[in-house]
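These are my notebook entries on a structure that I had not examined before. I record what I looked up, entry by entry.

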Amino acid sequence: MKKMTGSRVFVFLMVATALLSVCHGGVLRKKFYRKTCPSAETIVQDITWKRVANNPELVAKFLRMHFHDCFVRGCDASILINSTASNTAEKDSPANLSLAGFEVLEEIKSALENACPNTVSCADILTLATRDAVSFQFKKPLWEVLTGRRDGRVSLASDIPANLPSPFSNFTTLKSGFSNKGLTVHDLVVLSGGHTIGLAHCNTFSPRLYNFTGKGDQDPSLDPSYATFLKGICSPTDSTTTVEMDQGSGTNFDSGYFTGLTKNKGLFVSDAALLTNKGARNIVNELTIQADFFTEFGQSMKRMGAIDVLTGTAGEIRKVCGKIN
Ligand code: HEM
Ligand SMILES: *[C@@H]1O[C@H](CO)[C@@H](O)[C@H](O)[C@H]1NC(C)=O
Ligand SMILES: *[C@@H]1O[C@H](CO)[C@@H](O)[C@H](O)[C@H]1NC(C)=O
Ligand SMILES: *[C@@H]1O[C@H](CO)[C@@H](O)[C@H](O)[C@H]1NC(C)=O
Ligand SMILES: *[C@@H]1O[C@H](CO)[C@@H](O)[C@H](O)[C@H]1NC(C)=O
């Protein structure tokens, strides 16, 4: 075999490193806009904190929006694109129940276009704003966000069913849905902790109360007194009323979701499913310790925020988040 020359070895190593970092979403980096838009992260935080202060529900809106964005075509802000006459976009899928906060992201985008035109992607704005919204309660960033994402040019409502898990999913389906995105069972349990804030519509769980197996029965894995409480709020056909997922602390980012879950008070079938697997159940128990949940949540959010990202010259930097250029 011929020996590689020094420069060939160098080129080989460069290519190998580049390939490796693409595969691991490693081309995202800390403070990607340090030179091109030094105020970017401050602008996102200022506007997000101002809006969250007046509207605490925005925290849950952003968190869920970021999850939906990343699971469908990667974190490319495809969730923000409006439908057109010829295209039904992701945000107009039936699974979009209660997505909101789009106008705040446009406000941030417009401030950033004033400060540094054509530079900061909507995908990075959504990722940063989500971190900042969750962190508002602590007045300091709860995890580090790597940046350098670019915006996608495709958004299809028809992509949703195959990529977003349903609240009636069992453990096997949840595990493979997360695995398809490069996420582990550990990430699945940790990220389900997002349900420690926010609201759910009655129809996303009411079959558990009224007709679990089609025999007019109740889900035996749901705490009976919690079921009675929920029946007092949701009639069998109600699809408009909403309920806090972490009863009594739905705007507080804490480990309440996990303590509730250990008492069989997870709201969805997909929440309760985390107790049906021994490994997952052990993680649920660990995450009732709040400090552990916070640490693990930041790490899993970083991984979720790197799913199938567009970087380099892929995609585009949108001028407004609701429309491709
Ligand atoms: C594990 C699979 C998951 C399923 C099946 C699921 C399903 C749902 C459903 C059905 C709702 C209620 C929507 C409504 O009725 O308006 C909801 C709400 C929510 N989800 Fe998930 N979710 C999952 C994972 C996640 C993840 C990974 C996050 C973020 C880390 C997240 C964050 C949220 C938040 C914050 C809300 C509340 C939204 C609001 O208040 O408007 N979910 N989820
Ligand atoms: C959700 O989709 C429906 C159509 O299926 C649409 O009427 C509604 O405006 C969408 N909601 C949001 C928040 O985009
Ligand atoms: C989980 O749900 C899937 C899809 O509905 C189904 O095919 C599968 O049999 C279920 N698995 C278990 C263990 O119940
Ligand atoms: C329960 O589900 C079964 C099977 O889907 C259906 O035939 C029945 O009408 C339902 N009962 C109620 C009370 O909704
Ligand atoms: C997207 O649709 C929303 C709601 O219909 C509208 O307020 C917004 O201006 C639209 N954005 C763009 C960029 O067209």
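I count two residues as in contact when heavy atoms of theirs lie within 4.5 Å. The model is predicted, and in it local features need pLDDT of at least 70 and side-chain atom pairs count only at pLDDT 80 or more, while totals for chains, interfaces and linings use all residues. Residues are numbered from 1 along each chain as its sequence is written, chains are lettered from A and ligands numbered from 1 in the order in which they are written, and side-chain values use heavy atoms, with hydrogens and water left out.

**Entry 1: His 195 and the iron atom**

I began with His 195, which the UniProt annotation "binding site" covers in an unreviewed entry. I note that such positions are given in the numbering used here, that feature names are shortened, and that annotations may be inferred rather than shown by experiment. I found His 195 in the loop between α8 (185–192) and β1 (199–201). For these elements I rely on DSSP runs, numbered from the N terminus: helices are H or I with at least four residues, strands E with at least two.

The scale calls a residue buried under 20% relative accessible area, exposed over 50% and partly exposed in between, with a 1.4 Å probe and protein chains only.

Leaving aside neighbours within four places in sequence, I listed the contacts of His 195 as Met 245, Asp 246, Tyr 257, Phe 268 and Asp 271. I then looked up the iron atom of ligand 1: its only protein donor is His 195, through NE2 at 2.1 Å. Donors are N, O and S atoms within 2.8 Å of the metal (3.2 Å for Na, K and Ca); water is not among the atoms, so sites may look incomplete.

Which residues are around ligand 2? I noted Lys 91, Asp 92, Ser 93, Asn 96 and Leu 99, where a residue is near a molecule or strand if one of its heavy atoms lies within 4 Å of it. An N or O atom in the side chain of Asn 96 is 2.5 Å from an oxygen atom of ligand 2. For Asp 92, a backbone N or O atom lies 3.1 Å from an oxygen atom of the ligand, and for Lys 91 a polar backbone atom is 3.3 Å from one.

Around ligand 3 I recorded Asn 170, Thr 172 and Thr 173. A polar side-chain atom of Asn 170 lies 2.3 Å from an oxygen atom of ligand 3, and one of Thr 173 lies 3.4 Å from an oxygen atom of ligand 3.

I placed Ile 160 in helix α6 (residues 160–163). Ile 160 is buried, with a relative accessible area of 4%. Not counting residues up to four places away in sequence, Ile 160 touches Val 72, Glu 90, Ser 93 and Ala 95.

I placed Trp 49 in helix α2 (residues 40–54). Trp 49 is also buried, at 18% relative accessible area. With the sequence neighbours up to four places away set aside, Trp 49 touches Asp 132, Ser 135, Phe 136, Lys 139 and Lys 140.

**Entry 2: helix α10**

In helix α10 (residues 224–231), I found Tyr 226, Ala 227 and Leu 230 buried. They cover an arc of only 105° around the axis, which puts them on the same side of α10; the arc is that of the directions from the helix axis to the C-beta atoms. On the other side of α10, Pro 224 and Thr 228 are exposed.

Technical notes: Polar contact = N/O pair within 3.5 Å; in protein donor to acceptor, adjacent residues only side chain to side chain.
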